[in-house]
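Subject: Structure handover

Hello,

Here is the structure I promised to pass on to you. Please open it alongside this note, and I will walk you through what turned up.

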Amino acid sequence: MGKIIFEFEKNIRERLALSIFSKKKISILNIRKHQKKQGIRKFEIELFSIIDKLFPESSIEINEAGTIINFLPGLTKKAKVFHKIASLRGISYFVEFILYLLLFNTIRTEIKIEGIRALNLDISLENILFVTFPLMRKIGLRDLRMKIFTNYFSLLYNTELLIFSSSFFSKTGFLVTHPGFFKNIRIVFSFSKNNSFSLKHLENMNNEFQEFHQINQRFYNLEILNKNIFFQTVSLVGESSTGCLFGGDYSSIQKKNINFWKKKIDQILSLLFYEIYKGSCIDGHTQIFFFFKMLCLNKPSQTELNVSNLTLASIEFFRDVKKFTGNVYSIRSKFRKGPVKIELI
């Protein structure tokens, strides 16, 4: 079994997931070589802790300086796992990594994870719940579920998640090529107990956005009953006439006035409308989930996806996939300014 070598720390979650999927050993060298504080960070070590619990036969070697990692994935998988995040990275960073692993899951799995809610460094938990999870169900994980609990008095472990995935493993392809038009917009305001939104003022602002006309719109308020944390988050979920889902969000640990949130919502809306106008069927943040799923299919040639633009992370993912499996993604566009059609060949 040959070893695949990478340099630097970028895309570490995707590379670890590809290693487990392909059952190939990897080495990552020169981690943060050009930074003053070199080596792997605590939140990245958490990824290996999760892997060690899910795949207990895995071999993980990290040198003393933390600049070199050798990883050989285990072949057996545990069905029930509990992990408490010791770092200050938001819990959604780790949920996304777990979802990568569940895409090629073949056994019933229950994962309990505790940590802190995400801020702007990562996607919000609300966006994962209302956008990523429904999309994952559409591409094969039909019984995927998540329950969210709040630990009222804890500062470091204020959020607890239970993620359930059945043994059902769909290898059916998907065609996601027609974005349609926006039919529904949901705006979700979540906040800590000491930092509430004024729902009345926020609902009154919908007339200021011309894009909302003729679109079904709903506002939701989610209060997190924990006095030890302080945040405000706004998450937008757009659903098209063809069932496509788009999401965007913004979080703050400081209380902001209503004009600030109006501008943020306007910015996120503009991005969502741009995606669907350019012919994209998903937003940039969920691209890799679809590309990963293509690898797991019996007949990937029957699968197509349209996106407006590829993210840098997606381009890097394509390069890594070729190293691991030899598979190549076809990237085509019928029109110069039209959407890009992605297939696995």
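A word on accessibility before anything else: a residue is called buried under 20% relative accessible area, exposed over 50% and partly exposed in between, with a 1.4 Å probe and protein chains only. Please keep in mind that this is a predicted model, where local features need pLDDT of at least 70 and side-chain atom pairs count only at pLDDT 80 or more, while totals for chains, interfaces and linings use all residues. Residues are numbered from 1 along each chain as its sequence is written, and side-chain values use heavy atoms, leaving out hydrogens and water.

First, the overall picture. The protein chain has eight helices and 16 strands, which are DSSP runs numbered from the N terminus (helices: H or I, at least four residues; strands: E, at least two). Along the principal axes, the C-alpha atoms fill a box of roughly 60 × 55 × 40 Å. Of the 345 residues, 54% count as buried. Contact here means heavy atoms within 4.5 Å, and among contacts between residues at least 6 apart in sequence, 72% join residues at least 24 apart.

Now to the inside. The largest nonpolar core has 90 residues, and L16, I163, F292, F317 and Y329 have the most contacts within it. Helix α3 (residues 91-102) gives the largest share of this core, 10 residues. Such a core is a set of buried Ala, Val, Leu, Ile, Met, Phe, Trp, Tyr and Cys residues joined through side-chain atoms within 4.5 Å. Leaving aside residues up to four places away in sequence, L16 touches I26, L47, F48, I51, F71 and F97.

The salt bridges come next. With a side-chain nitrogen of Lys or Arg within 4 Å of a carboxyl oxygen of Asp or Glu as the rule, the count is 11. One of them pairs K10 with E316 at 3.1 Å, N to O. This pair links distant parts of the chain, 306 residues apart: K10 sits in the loop between β1 (3-7) and α1 (12-22), and E316 in helix α8 (residues 312-325). K10 is partly exposed at 40% relative accessible area, whereas E316 is buried at 11%.

Another bridge joins E126 and R117 at 2.2 Å, N to O. Here E126 is buried at 6% relative accessibility, and R117 is buried at 12%.

A further one joins E343 and R332, with the closest N and O atoms 2.4 Å apart. E343 lies in strand β16 (residues 340-344) and R332 in strand β15 (residues 329-332), so the bridge ties together parts 11 residues apart in sequence. E343 is buried at 11%, while R332 is partly exposed at 45%. Elsewhere, salt bridges that share partners join K10, E316 and R319 into one network.

Last, the surface. The accessible surface comes to about 16400 Å², 52% of it from carbon and sulfur atoms. L225, in the loop between β11 (216-224) and β12 (232-240), is partly exposed at 38% relative accessible area.

Best wishes

Methods
Accessible areas come from the Shrake-Rupley method with a 1.4 Å probe; for residues, only the protein chains shown count as cover.
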